[in-house]
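Here are some questions and answers for a first look at a protein model. Keep the sequence and the 3D view open as you read.

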Amino acid sequence: MAYVHAEIASQPDCWREAARLAPTVAERLPRPGERVAVVGCGTSWFMAMAYAGLREAAGHGETDAFQASEFPTGRHYDRLIAITRSGTTTEVLDLLAALRGRIPTTVLVGDPDSAAVASADATVALPFADERSVVQTRFATTALALLRAHLGEDLSRLAADAEVAVRAPLPIDPAGIEQVTFLGRGWTVGLAQEAALKCREAATFWAEAYPAMDYRHGPISVAAPGRLVWALGEIPDGLPEDVAATGAAFVHSRTHGWRTVLTSWAAGRNPVDPMADLILAQRFAVALATTRGLDPDAPRHLTRSVVLA
C-alpha cells in the first residue's frame, strides 16, 4: 500500500505547486466570460463537475461538465478543458480528435509525453502530481487546485487545511461501518461522488453519493445503524437531525460529534475546505480496504487507464 498512502499524503505540496504553476499557464485556461465545457472520465469527470460549479459561482461564465463519452458535440463552446491523468483514455482521445479545428482544447495531464498532448491545442502538464497507483488521488485534486488558483483563489489556506487532513485521526472507525453515503452541495457534489468512488475502487465497498438536498427524496431510506452519512461542504438545515433519527452515523467538519484534530483546529475560524475533507475520505477508503484485507494499490477489475480496442 506504499503508493496510495504516499500519494495521498503528498497532496498539500502538490496543491502548493499547482498554485505556483497557475499564473504561468493562464493563457491556456478559460478566460472570464468564455462558455466552457470540462470533460473527463471517472475521477476526472468528478473534478470537472467541481470546477464547473466553482467557475459559474465565481461569475466567470457558463461552465458545463461532461463525461468525455457523453459530450454533446452539437453544442458550441469557446473552450474545452479535458482532465486526464494518463493522457491515453480512449474516450478523451476520441473527443479531442472529433473537436480538432472546431473548439479550442486544453488538456490537463499527468504524463507530458502521452497521446493527449498531441491531440489537444494546448497542454498543462502536471507530472509532479502523476501517480503509480491505479486509484487516483493527488493528480485529480491537483488539477482542481490549479483550476481554483486560476479562478483567483488563494490556496494557502486550502494547503494548510490539507496538512492537517493528512495526519488527523479519521472521524469514524471504518471497521464498524457497513455502508456509506457521501453528500455535497453545489461544487462539492463532485467531491461527494469522488469520495464514494474511492470507497468502491479501493475497498469494493457499498458507497453512494447524492446532492445533499436530494438525499431526503429517497436515498435516506438506506440509512440505518451501522451505516454512515458523510457530508462535504455546506449542509441543509435539519439534515443532521434527520440522519440521527435513522440511527446512522453522521460526519461533517462542523459537527460536534467529529472530535478530531481537524475539528478542534478549525474551531472559531472559517469551515474546513471541502477538498481537505476529501483527503480524509480518501484515507477512510484506504482504511476500509485494509480492514477488509484488500490491497488498495491493486483494485479489482481496474487498470490505470481505460484503453479500448
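**Questions on the fold and its contacts**

Leaving aside its neighbours within four places in sequence, S86 touches V109, D111, S114, R304 and S305 (contact means heavy atoms within 4.5 Å). This is a predicted model, where local features need pLDDT of at least 70, side-chain atom pairs count only at pLDDT 80 or more, and totals for chains, interfaces and linings use all residues. Residues are numbered from 1 along each chain as its sequence is written, and side-chain values use heavy atoms, with hydrogens and water left out.

Q: Is S86 buried or exposed?
A: S86 sits in the loop between strand 3 (79-84) and helix 4 (90-99). Helices (H or I, at least four residues) and strands (E, at least two) are DSSP runs, numbered from the N terminus. Buried means under 20% relative accessible area, exposed over 50%, and partly exposed in between (1.4 Å probe, protein chains only). The relative accessible area of S86 is 7%, so S86 is buried.

Q: In which sense do strand 1 and strand 2 pair?
A: Strands pair if DSSP finds at least two bridges between them. Strand 1 (residues 36-40) and strand 2 (residues 63-67) have five bridges, and the sense is parallel.

Q: Of what kind is the aromatic pair of W230 and F284?
A: Rings of Phe, Tyr and Trp (its six-membered ring) pair if their centres lie within 6.5 Å; planes under 30 degrees apart count as stacked, over 60 as edge-to-face and the rest as tilted. The structure holds six aromatic pairs. In the pair of W230 and F284, the centres are 5.5 Å apart and the planes are at 70°, so the pair is edge-to-face.

Q: How many residues apart in sequence are the parts that W230 and F284 tie together?
A: Both W230 and F284 are buried. W230 belongs to strand 8 (residues 227-232) and F284 to helix 11 (residues 274-291), so the pair ties together parts whose separation in sequence is 54 residues.

Q: Is L144 buried or exposed?
A: L144 is in helix 6 (residues 138-150). Leaving aside its neighbours within four places in sequence, L144 is in contact with M47, A50, Y51, L54, W187, L191 and M275. Its relative accessibility is 1%, so L144 counts as buried.
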